[in-house]
Amino acid sequence: MTAPDSTASVVRLDLPGGQEVTHRDVAANGARFHIAELGDGPLVLLLHGFPQFWWTWRHQLPALADAGFRAVAMDLRGVGGSDRTPRGYDPANLALDITGVIRSLGEADAALVGHDLGGYLAWTAAAMRPKLVRRLAVSSMPHPRRWRAAMLADVRRSSHVWSFQRPWLPERRLTADDAELVGRMIRDWSGPRLPEDETVEIYRRAMAIPSTAHCSIEPYRWMVRSMARPDGLLFNRRMKKPVRVPTLHLHGSLDPVMRTRSAAGSGEYVEAPYRWRLFDGLGHWPHEEDPAAFSTELINWLKDPEPDR
């Protein structure tokens with residue numbers, strides 16, 4: 001099944017400068033996922049956050065391809081060109097989407113690179129399916145257990161997550177006035193280097209695709225509503241299992257959504273080489289605010305045979 005023409009025109013974009021990527025759909029974990037692919041070599045799978053889609057990695061795809069990697073950016077379940085299923089938005093199942101895509105791409109493993117929600121799921125996949133994760137790079141997101149503690153301790157910074165718990169109203173707010181709220185989030189969560197108007201417009205159009213707002217919010221609803229339920233308690237216990245693959249942790253010093261100290265404490269859950277990199281003067285989107293610095297840091301680490309230095 002392919003995406004409707006209206007969705008494809010919003011999601012299946014070329015890279016800046018008109019460079020083409022290969023767009024296709026792959027089946028995994030009972031659903032269909034849209035991917036954008038460029039290059040050949042070891043697989044690097046890129047996972048976007050909220051409120052974005054694969055296009056957030058438009059700068060890293062060519063940089064990784066030029067560096068000798070097979071760079072693939074996927075749309076998470078319910079977003080972009082991927083299936084919008086009625087269920088399946090808990091992190092354990094979303095992590096199975098990711099590892100299923102790795103298998104569907106014919107690869108034995110991948111280096112996972114995740115930002116925001118994509119980072120949360122990358123942490124989860126590395127803990128749950130370590131044989132399929134070669135290396136882990138996470139941006140703007142602490143380990144799930146650290147995220148849980150930070151969200152409870154700092155309600156102001158997590159206000160968008162708490163506001164998502166109401167029924168239906170959050171979806172309406174996200175899509176009102178051509179998804180104006182999405183544009184405000186993108187700008188407000190940035191550092192001094194604000195995004196171009198065209199970039200913001202692309203994210204607004206993607207959120208306006210029917211059912212995207214609802215599906216984008218569902219993972220956050222599960223995270224909060226499951227805290228006292230058996231499934232949430234089980235997930236939190238499972239995340240005590242340490243990550244045993246080399247991990248690169250990236251964060252903007254001016255991130256208004258997640259405190260630096262909350263993210264930096266995630267190293268306690270990694271029993272492998274762990275490298276922390278703080279980007280001074282950047283906000284919640286370091287890979288977009290300073291793509292050259294981000295890509296250089298990522299590629300140098302991916303190519304480093306001794307990442308614990």
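Which strand holds the place of His115? Select residues 110–115: this is strand 5, and His115 is in it. Strands here are DSSP runs of E with at least two residues, and helices are runs of H or I with at least four, numbered from the N terminus.

The model is predicted, so local features need pLDDT of at least 70 and side-chain atom pairs pLDDT 80 or more, while totals for chains, interfaces and linings use all residues. Residues are numbered from 1 along each chain as its sequence is written, and side-chain values use heavy atoms, without hydrogens and water.

Stay on His115. Beyond its neighbours within four places in sequence, His115 is in contact (heavy atoms within 4.5 Å) with residues including His48, Trp57, His284 and His287.

Eight strands form an open, mixed sheet in the order 1-2-4-3-5-6-7-8. Its edge strands are strand 1 (22–28) and strand 8 (274–279), each pairing on one side only. Two strands pair if DSSP finds at least two bridges between them.

Select residues 31–38 and 70–74. These are strand 2 and strand 4, antiparallel over four bridges. Leu38 has Ala71 in strand 4 as its bridge partner.

Now select residues 91–104. This is helix 3, which lies across strands 1, 2, 3, 4 and 5.

Key: Axes are lines fitted to C-alpha atoms, for helices over the stretch in contact, and angles run from 0 to 180 degrees between N-to-C directions.
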